[in-house]
Amino acid sequence: MTEHSDAGTVFASKRYTNWPAMTEDLQAGNLHAAFILAPLAMVLAREGTKPVKIVHLGHRDGTCMVVAKDSPYQTFADLRGKRIAIPHRYSNQRVLIERLKEQNGFNDSDVTLIDFPPPEMPAGLKAGQFEAYIVGEPHAARAEIAGFGRILYYTKDIWPNFISCVLVVTQELIDRQPELVQELVSGITASGEWIDQGPEDQLIAGIYLEGEVVPEDQLQATADGTLPEAITMPRDFGISPRMQAAQLGGLYYGQPTDLLKYVLSKPPDRVKYTDLALNREDFAEIQRYAERLGFFSKRPVTADDPFGFEDYCDVRFERGRARSLPLRPAAGSGAEAPR
Amino acid sequence: MSEAMPEPGKTPRRDKITVEGVDKTFPTKKGEVHVLDGVNLTVREGEFLAIVGPSGCGKSTLLNCMAGFERASGGSIQVDGEEVTRPDPKRVFVFQETGIFPWYSVWDNVGFGLGQMPFEAKDEHVMKYIRLVGLEGFERSFPSELSGGMKQRVEFARALAVEPDVLFLDEPFGALDAFTRIEMRREIVRIWEKTGKTCILVTHDVSEALELADRVAIMTRRPATVHSVLDVDMPRPRDSDDPPFREMKDLIFQVLGVERRV
Amino acid sequence: MSHSQAPATWWRKFALGSLGFVVTIALWQVATWGNDITEVPGPWLTLQGLRELATDGVLWRNIAASVFRVAWGFCLAAGIGIPLGVWMGWNRDVVLFFNPTIQMMRPISPIAWIPFAVVIFGGANFMLAGRILFDASDSSAIFLIFLASFFPIVTATTSAVRSIELKYLRSAANFGVTGLGLFRRVILPAALPQILTGLRLALGIAWVVIVAAEMLGVTSGLGFQVNDSRNNLRMDYVAAAMVVIGLVGLALDMAMSNLEASALARRGMSRR
Amino acid sequence: MKLSTRIFLAFGLFLGGITFLHGGLNHGWFADQSRDRLTVAHLPVT
């Protein structure tokens with residue numbers, strides 16, 4: 001509960017369909033908080049009309065490179081002269097590719113990068129529009145589940161603990177309502193820890209096992225989807241925090257829960273939600289690649305116009321007090337939590 | 001405006017409309033079209049004058065000039081001594097396919113020219129003319145629900161409602177079937193006799209002219225002028241089979257240079 | 001059709017119409033046999049998706065957003081387009097002044113305007129009594145709908161006024177009706193049928209444009225629903241959204257044609 | 001009732017109705033305003 005309202009703050013999730021729409025809303029002042037690609041956040045901090053700051057990480061890893069199942073490619077070197085689809089010019093996937101090119105001594109002409117909408121990447125691979133694609137989940141898992149794709153690399157194979165999405169907030173929000181930002185960041189830290197290391201036998205508020213009686217006030221969903229309706233989970237789905245997260249994700253992502261279950265469990269370290277604190281070295285390295293790839297072409301980083309960690313990150317909110325999540329023992333859970 | 005009605009049939013005294021030396025040319029892409037060439041014509045008050053001539057000879061153009069819809073290129077047209085410059089509710093024009101408004105009911109159409117009036121007075125006035133043309137009971141109907149003849153009656157009622165001095169009739173029965181045409185001719189003569197308006201009828205149907213008019217002006221081919229004006233002193237109601245009727249008809253056809261027998 | 005036929009009975013219309021409908025559904029079912037929700041879905045999957053979206057409430061929010069934007073864009077376009085069209089139709093110099101510009105801008109598809117729309121309207125929300133009336137995506141979408149509807153309406157109105165039969169104008173002049181009275185009692189009513197046809201056409205175009213316009217830069221509306229479902233690998237939701245787009249578009253068109261019919265009811269022209 | 005008023009009324013009611021519907025459903029006109037709100041945007045992608 002924040003100081004301003006006894007009823008607590010409503011953090012309303014708002015789903016966008018593409019990055020440009022989100023960046024435009026951030027620059028236009030219609031949006032003050034967003035999970036966004038790390039390099040894109042740095043570009044906004046550097047060249048955006050409305051200053052933003054990275055206040056926390058969204059998650060680590062969670063990106064894979066996928067090739068056709070029956071294709072001969074076993075390492076990145078095999079992809080010399082081939083086409084690779086990426087989601088966005090300023091995406092972290094492009095930074096990962098840059099590192100792979102460095103490790104394998106590729107120069108720019110050795111591989112062709114194609115900007116491609118993530119949801120169409122599996123179909124694009126199947127249709128042979130490119131030999132590999134690198135994207136965040138669940139679009140990598142889809143090709144795998146559908147049986148025509150094979151994961152060539154998980155992020156951990158290329159760049160362990162790689163930052164992919166970050167939480168940015170506008171400077172205006174930081175100045176106007178810092179305690180809101182504080183509550184948001186500590187909430188995200190707590191839920192991250194719950195997903196990765198939470199108790200296996202406790203259900204988070206709002207989630208009920210099939211057949212359990214659901215208290216009346218939980219039933220209706222508010223118009224803008226802030227207070228989630230009570231979610232009933234099939235008993236055989238598994239009740240580990242990751243499985244509960246898959247159920248919650250289904251509501252907010254609108255994606256099939258079993259797809260999210262797959263992404264969050266096979267293998268478990270496919271995407272990480274802990275250790276989300278900002279650290280200087282991670283960003284410095286990403287910035288090095290970003291500068292080399294000309295992400296800051298509009299306002300190049302020079303000696304007398306420097307661009308450092310403090311210009312795009314604000315660590316104050318990570319040091320705030322931790323927050324505890326409303327958990328309750330899963331009554332009659334019986335079902336053994338899957339490992 | 002006195003309601004003194006000269007006895008029907010007797011030639012009235014005063015000149016109502018004088019047309020002197022009127023020319024009319026139309027600019028077209030292919031150069032000027034000379035339609036009227038020195039037309040002279042006088043219409044006496046309360047008279048029923050018919051203007052006859054081959055189609056395309058410019059009789060409608062003359063009527064439009066007299067009504068003020070068109071400006072004469074040369075010469076002058078005067079009504080009650082005043083030059084005609086634009087249309088006036090005192091001189092109402094009745095079109096071939098009726099000019100009544102399909103989006104208004106009969107009542108609204110007939111009352112169109114009356115402007116701001118208290119409702120009772122307007123209703124009484126409108127109903128008077130609806131009864132005059134025999135359309136009582138149809139005041140709420142819309143033109144699309146009426147027959148050709150009934151629509152023509154509405155147009156007459158609308159024209160008469162503003163109590164004009166002059167009625168211009170441009171082949172008003174052209175779009176009607178033969179039976180309705182005869183009925184409407186008798187109707188217009190009855191109204192003319194009852195209201196004493198000055199009527200000017202343009203038609204290419206010589207019989208129609210002779211059945212209705214006191215005098216018939218015969219127009220030449222284009223560029224047209226008035227060839228001659230015949231007095232039609234036949235008693236009403238007129239029968240087109242009477243020998244004098246047929247003689248005048250032959251005369252007019254002769255003047256027009258058109259062989260009558262088929 | 002050399003011989004004259006009796007008008008189709010109500011029963012015949014319904015039977016043939018639904019037969020056509022059933023055949024289409026059957027073909028659709030066969031063509032998409034066995035597909036799951038991440039491929040082109042069959043009618044049954046689409047129906048289920050539709051039910052889910054409806055019970056979830058998101059469908060109604062998106063329909064409201066799309067119809068809201070079409071309504072405002074269309075009404076603004078009519079509010080400005082009709083008077084301008086009448087003025088252009090009535091005054092020769094005015095049409096010479098405006099027409100070249102209008103005819104040049106008309107073929108530019110509203111979709112091309114999206115980047116400008118977002119920049120122009122990307123800014124603040126438009127508030128009313130402390131509540132958001134138009135948020136950023138609302139106003140840019142309304143702007144696009146305005147453009148999509150404005151040009152057909154102006155063109156239709158201009159030609160409507162120019163093609164008013166001379167005898168009506170002369171009758172009015174003959175009875176001394178001029179100025180505002182002439183517009184209100186003769187010009188507008190005479191031009192109304194063609195204007196209404198123009199409005200119906202413009203509404204159809206607007207509805208096609210709104211879905212495309214909502215694919216970018218908005219976070220609600222049926223266009224957003226299609227794109228968002230695609231991102232979430234829910235092709236059943238995409239198909240469901242398309243069915244809804246079709247139905248709502250049909251409903252709007254029927255509403256418009258009813259308005260047109262009732263407006264022209266007693267003029268004998270509506271029974272086209 | 002005069003035709004022109006009927007047409008204006010039809011469009012006016014339609015506009016007013018859909019504005020309230022959209023305002024209510026998408027802009028939370030009728031949701032309780034007592035609580036602080038912060039919208040957090042995201043894409044359905046990790």
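Which residue is the bridge partner of Val216(B) in β10(B)? I looked this up before anything else. The partner is Leu230(B). I note here that the model is predicted.

**Entry: strand β9 of chain B**

Strand β9 of chain B covers residues 215-219. I checked burial along this strand. Five of its five residues are buried, so β9(B) is largely enclosed by the rest of the structure. Buried here means under 20% relative accessible area.

Arg215(B), Ala217(B) and Met219(B) lie on one side, and they are buried.

**Entry: the neighbours of β9(B)**

Which strands pair with β9(B)? I found β3(B) and β10(B).

- Strand β3 of chain B, residues 48-52, runs parallel to β9(B), and four bridges join them.
- Strand β10 of chain B, residues 226-231, runs antiparallel to β9(B), with five bridges.

I then returned to Val216(B). Its bridge partner in β10(B) is Leu230(B). Val216(B) is also the partner of Ala50(B). I also followed the chain from β9(B) to β10(B). A hairpin of six residues makes the link.

**Entry: strand β7 of chain A**

I moved to chain A. Is strand β7 of chain A, residues 132-136, mostly covered or mostly uncovered? It is mostly covered, with five of its five residues buried. On one side I listed Ala132(A), Ile134(A) and Gly136(A). On the other I listed Tyr133(A) and Val135(A). Each of these residues is buried, and both faces of β7(A) are covered.

Strand β4 of chain A, residues 63-68, pairs with β7(A) in the antiparallel sense over five bridges. Val67(A) stands opposite Ala132(A). Strand β5 of chain A, residues 83-86, runs parallel to β7(A), and two bridges join them. Ala85(A) stands opposite Tyr133(A).

**Entry: an open sheet in chain B**

In what order do the four strands of the open sheet in chain B lie? I read the order as β2-β1-β4-β5, with antiparallel pairing. The edge strands are β2 (31-44) and β5 (82-83) of chain B, and each pairs on one side only.

Last, I checked β1 against β4 in this chain. Strand β1 of chain B spans residues 15-28, and β4 of chain B spans residues 74-79. Five bridges join them, and they run antiparallel. Thr18(B) has Gln78(B) as its bridge partner in β4(B).

How values were computed:
Residues numbered from 1 in each chain as written. Chains lettered and ligands numbered in written order. Predicted model: local features only at pLDDT ≥ 70, side-chain atom pairs only at ≥ 80, totals over all residues. Heavy atoms only, no water. Buried < 20%, exposed > 50% of the residue type's maximum accessible area, 1.4 Å probe, protein only. Pairing = 2+ DSSP bridges.
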